[in-house]
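These are my notebook entries on a few things I looked up, kept in the order in which I went through them.

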Amino acid sequence: MKNTQFYYVGLILVAIIWGVNFGISRFAMEVFSPEVFVFLRFGLALPILFGVLKWTEGSVKVEKGDLLKLAIIGFFGVTVLEILVMYSIKFTTLANASLLNVAPWPIFAALFAPLFTKEVMTPRLAIGGFVALIGVFLIILGGKDGFDFSSQYMLGNILALLISLIGALFNLACMPLMKKYSPLRVSAWYILFGSLLLFPVTLGGWQTIQWNDFTIGVWGAIAYNVILCTVAAFVIWNLSMNKVGAAKSNFYRYFVPAAAAVTGAFFFNEQILITQIIGGIVIIFGLAWITMERKPITAEVSG
């Protein structure tokens, strides 16, 4: 158990970083279109990722036979996923998008894990995940805006659900490659391909940028997204996921809505209701139950 604590802390830290970003990114959206901001987030992270990779590992190369795999992972995990996030929010409510983006993701990861690894769904994982899922429902649906089943939001709801499915498969597809390369090397390469394929989507957004309107908050949001949300978070998440296992790790995404709710209260004076507080406590209990499982931390990858 002691050997795994570092990786569980890493998963929680990354989930909090991503949750806080829901609030921080609002500052950047004052001057950037979503497409441009996402491209800057990943594009500006690339020199740092490859620089650290060269410094720590001595080279940045991967085998030619793996380039196509990394390009496909980058396309779905960065390009497609980020576009879906933008449009799911556009075509449905924030509560709907938050719930459907987050809640099914770990479930899909656990269901499809056997296709990529030898991980199995244990009773403890199932019970702990279900308890944590209840906490997610309490946080998101316990806010001012509940889930809306109206037909006008159907497209956005479907897109949000696709995010969970594609995101889970994206995480799982990284696992075999991380048995061959370091999580840093895998992250750097798929972010490179994902950024290149994302660039054409940004072409209509650059002329609208008012560079003179940049505030300290905007620059801070950019720095937070590049350094913490992308460089640190992706590497720490992939490292921890490689050690803990993809199925178990993805349930720690349930900390994201809790962190987002706290950030909304801190930066934008959004009210946190008692139901949401209870939801946060329930998530902690569910994930603590998962963490106490005494299983080998290294997932064996098939193939």
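I began with Lys69, which counts as partly exposed because its relative accessibility is 47% (buried is under 20% relative accessible area, exposed over 50%, partly exposed in between, with a 1.4 Å probe and protein chains only). I found Lys69 in helix α3, residues 64-91 (helices are DSSP runs of H or I of at least four residues, numbered from the N terminus). From Lys69 to Ile89 I noted 20 residues in sequence and 29 Å in space, C-alpha to C-alpha.

I kept in mind that this is a predicted model, in which local features need pLDDT of at least 70 and side-chain atom pairs count only at pLDDT 80 or more, while totals for chains, interfaces and linings use all residues. Residues are numbered from 1 along each chain as its sequence is written, and side-chain values use heavy atoms, with hydrogens and water left out.

Next I searched the whole structure for aromatic pairs and noted 18 (ring centres of Phe, Tyr and Trp, the last by its six-membered ring, within 6.5 Å; planes under 30 degrees apart are stacked, over 60 edge-to-face, the rest tilted). Tyr8 and Tyr252 make a tilted pair, with 5.6 Å between centres and 35 degrees between planes. Tyr8 belongs to helix α1 (residues 5-28) and Tyr252 to the loop between α10 (246-250) and α11 (255-268), so the pair ties together parts 244 residues apart in sequence. I recorded Tyr8 as buried at 5% relative accessibility, and Tyr252 as buried at 1%.

Lastly, I noted that ring pairs link Trp18, Phe42, Phe170, Tyr190, Phe234 and Trp237 into a cluster.

Key. Helices (H or I, at least four residues) and strands (E, at least two) are DSSP runs, numbered from the N terminus.
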